[in-house]
Amino acid sequence: MQRHERLEQDIKVALSSIITYEVKEPEVSGMISVTDVKVTPDQKYATVYVSIYGKKNKEKVLDALKKAKGFIKNSLAKKVKMRNIPDLSLIHIWRCRRIA
């Protein structure tokens with residue numbers, strides 16, 4: 001596994017933990033899974049693909065995650081050792097019709 005792929009995997013695991021256990025937004029409940037993370041080669045941007053299960057209004061959950069993006073990025077900086085933490089773009093995979 002190359003360094004870039006390992007970094008994406010580390011970010012994916014850390015984000016899964018942060019979203020599940022640390023984000024305290026009331027809308028962020030139910031089963032939310034980080035399915036994939038793609039980081040640009042310069043490591044300035046990361047696209048995070050999430051699946052939201054068991055909620056009727058998935059857009060509200062995604063909006064709540066976007067509101068908590070600053071907290072998530074700060075928590076990510078504590079868990080993953082990087083010089084610069086990438087800006088996160090959260091995408092619900094149903095919306096972009098991406099199949100993992």
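Predicted model: local features only at pLDDT ≥ 70, side-chain atom pairs only at ≥ 80, totals over all residues.
Ser33 has Ser51, in strand 2, as its bridge partner.

- Strand 1 (residues 31-39) runs antiparallel to strand 2 (residues 45-53), and the two pair over 8 bridges.
- The hairpin they form has 5 residues between the strands.
- Within this hairpin, Gln43 takes a positive phi near 65 degrees.

- Which residues of helix 3 are buried? They are Ile72, Ser75 and Leu76.
- Because these residues cover an arc of only 105 degrees around the axis, they lie on the same side of helix 3.
- Gly70 and Lys78, on the other side of helix 3, are exposed.
- What do the buried residues of helix 3 pack against? Their partners are helix 1 (3-21), helix 2 (58-67) and strand 3 (87-92).

**Confidence across the model**
- The protein has a mean pLDDT of 88, with 91% of its residues at 70 or more.
- Helix 3 (residues 69-79) has the highest mean pLDDT among the elements, at 95, while helix 4 (residues 93-96) has the lowest, at 61.
- Over residues 95-100 the pLDDT falls below 50; this stretch still has 10 contacts in the model beyond near neighbours in sequence.

Definitions and conventions: Residues numbered from 1 in each chain as written. Heavy atoms only, no water. pLDDT = per-residue confidence, 0-100. Helix = DSSP H or I, 4+ residues; strand = E, 2+ residues; numbered from the N terminus. Contact = heavy atoms within 4.5 Å. Buried < 20%, exposed > 50% of the residue type's maximum accessible area, 1.4 Å probe, protein only. Arc of directions from axis to C-beta. Pairing = 2+ DSSP bridges.
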